[in-house]
Amino acid sequence: MRNITVIGAGTMGNGIAHVFAQSGFKVCLLDVSDHALEKAINTIRKNLNRLLEKEKITNEQLELTLSNITLQTDMKTAVQEAELVIEAATENIQAKFSIFKQLGQLVGNQVILATNTSSISITSIASQVEAPERVIGMHFMNPVPIMKLVEVIRGYNTTDQTTETIMALSAQLGKTPVEVNDYAGFVANRILMPMINEAIISLQEGVAGVAEIDTVMKLGMAHPMGPLQLADFIGLDVCQSILEVMHEGLGNPKYAPAPLLKNMVMAGKCGVKSGEGFYDYSESRKAEKLAKRFQK
């Protein structure tokens, strides 16, 4: 297996394309937007330059990685030579259903179809194609080039052969694959999202402030990042979406998104990507921090 197609050039998609290309695979990165593709390749180049500065890769490896990536806006063309397709589009069930229906019409039954979904049922996604036994979850962690874990999620019909192939492929990327079964949220988000949600509820109820809640979890529980800051990096809209999937899929009220979370998303305060969430990431705030650094 040498030819990989990644659908979606956002944060997860460009990270997945990066790690495959750096490991020697030929990657076609697909998105409907030329702007998104340009932004993705610039992000990959910037991340590779960081590795070069740290002497973790050579200039030749940087250039080879970039040469392994092609950009495409037409799905039919993008999947022509694919042996594995990884969907990394928005965390929306209807969007994923639509993509997999198209894939079912464009690729042969021998092509493995993976989804990077963080919470949506693999079995339900697999129901959109013939040969659902070749559909699997391949849940990378953000940032993909750095984080070692890949949750490999078996759908109801996923075969041992498909699972073993993806487990071995993940290891080939230098990742640590962990096989889990198909329940809403899988393992990572089933445990993480209720913690984030509870931190938001604690803030909402006035138990403590943002910095105080994060400090307690960092210093008291040895977390590298507090739950509210982590939510900002994940994206508050993504957190809400995952919680809603778990709430519906598991039928337990403890997974219902906090009212404060829903209000912030409705207000457009989605975290780092929007410039504001529980913390301020705006350009003015960056300038203020930079000025203070120089004053010191």
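The legends below describe close-up views of a predicted model.

**View 1. The whole chain.** The protein has 13 helices and 8 strands. Its radius of gyration is 20 Å, close to the 19 Å that the globule rule gives for 296 residues, so the protein is as compact as a globular protein of that length. Along the principal axes, the C-alpha atoms fill a box of roughly 55 × 50 × 30 Å. Buried residues account for 46% of the 296 residues. Of the contacts between residues at least 6 apart in sequence, 65% join residues at least 24 apart.

**View 2. The open sheet.** An open sheet is built from 8 strands, and reading across it gives the order E3-E2-E1-E4-E5-E6-E7-E8. The pairing in the sheet is mixed. Which strands stand at the edges? They are strand E3 (69-72) and strand E8 (176-181). Each has a single partner strand, so one side of each is left without a neighbour in the sheet. From one strand to the next, the twist averages 25°.

View 3. Strand E5 (residues 112-115) pairs with strand E6 (residues 135-140) in the parallel sense, over 3 bridges. Alanine 114 stands opposite isoleucine 136 in E6. Helix H2 (residues 34-53) packs on the sheet, where it touches strand E2 (26-30) and E3. The direction of helix H2 makes about 165° with that of E3. Helix H5 (residues 93-106) also packs on the sheet, touching strand E1 (3-7), strand E4 (84-87), E5 and E6. For helix H5, the angle with the direction of E5 is about 170°.

**View 4. Strand E7 and its two partners.** Strand E7 (residues 149-154) is mostly covered, with 5 of its 6 residues buried. E6 and E7 run antiparallel and are joined by 5 bridges. Here histidine 139 stands opposite glutamate 151 in E7. E7 and E8 pair in the parallel sense, over 6 bridges. Leucine 149 has threonine 176, in E8, as its bridge partner. In a regular strand, side chains alternate between the two faces of the sheet.

**View 5. The nonpolar cores.** In soluble globular proteins, nonpolar side chains tend to be buried together. The largest nonpolar core of this model has 36 residues. Which residues have the most contacts inside it? They are Phe20, Leu84, Met138 and Phe140. Leaving out residues up to four places away in sequence, phenylalanine 20 touches Ile4, Phe25, Val27, Leu84, Ile86, Met138, Phe140, Leu169 and Leu173. Another core, of 24 residues, lies apart from the largest one. Its members include Val85, Val107, Ala126 and Val180.

**View 6. Methionine 167 in helix H7.** Methionine 167 is placed in helix H7 (residues 160-172). Is this residue buried or partly exposed? Its relative accessibility is 22%, so methionine 167 counts as partly exposed; buried would mean under 20%. Not counting residues up to four places away in sequence, methionine 167 touches Val152, Pro177, Val178 and Glu179. Glycine 226 is 59 residues from methionine 167 along the chain, and their C-alpha atoms are separated by 31 Å.

**View 7. Asparagine 68 in a loop.** Asparagine 68 is found in the loop between helix H3 (59-67) and E3. With a relative accessible area of 5%, asparagine 68 is buried. Its contacts, leaving aside neighbours within four places in sequence, are Ala21, Gly24, Phe25, Lys26 and Val27.

**View 8. Spans annotated in UniProt.** An unreviewed UniProt entry annotates residues 3-182 as "domain: 3-hydroxyacyl-CoA dehydrogenase NAD binding". This span is 43% helix and 22% strand, and its end C-alpha atoms lie 27 Å apart. In the unreviewed UniProt entry, the feature "domain: 3-hydroxyacyl-CoA dehydrogenase C-terminal" is placed at residues 185-281. Residues 185-281 are 62% helix and 0% strand, with end C-alpha atoms 28 Å apart. The UniProt annotation "coiled-coil region", also from an unreviewed entry, covers residues 45-72. In the model, that span is 64% helix and 14% strand, and 17 Å lies between its end C-alpha atoms.

How values were computed
Residues numbered from 1 in each chain as written. Predicted model: local features only at pLDDT ≥ 70, side-chain atom pairs only at ≥ 80, totals over all residues. Heavy atoms only, no water. Pairing = 2+ DSSP bridges. Helix = DSSP H or I, 4+ residues; strand = E, 2+ residues; numbered from the N terminus. Axes fitted to C-alpha atoms, helices over the stretch in contact; angles between N-to-C directions. Contact = heavy atoms within 4.5 Å. UniProt positions renumbered as here; feature names shortened; annotations may be inferred. Buried < 20%, exposed > 50% of the residue type's maximum accessible area, 1.4 Å probe, protein only. Core = buried A, V, L, I, M, F, W, Y, C linked by side-chain atoms within 4.5 Å. Rg over C-alpha atoms; globule rule 2.2 N^0.38 Å.
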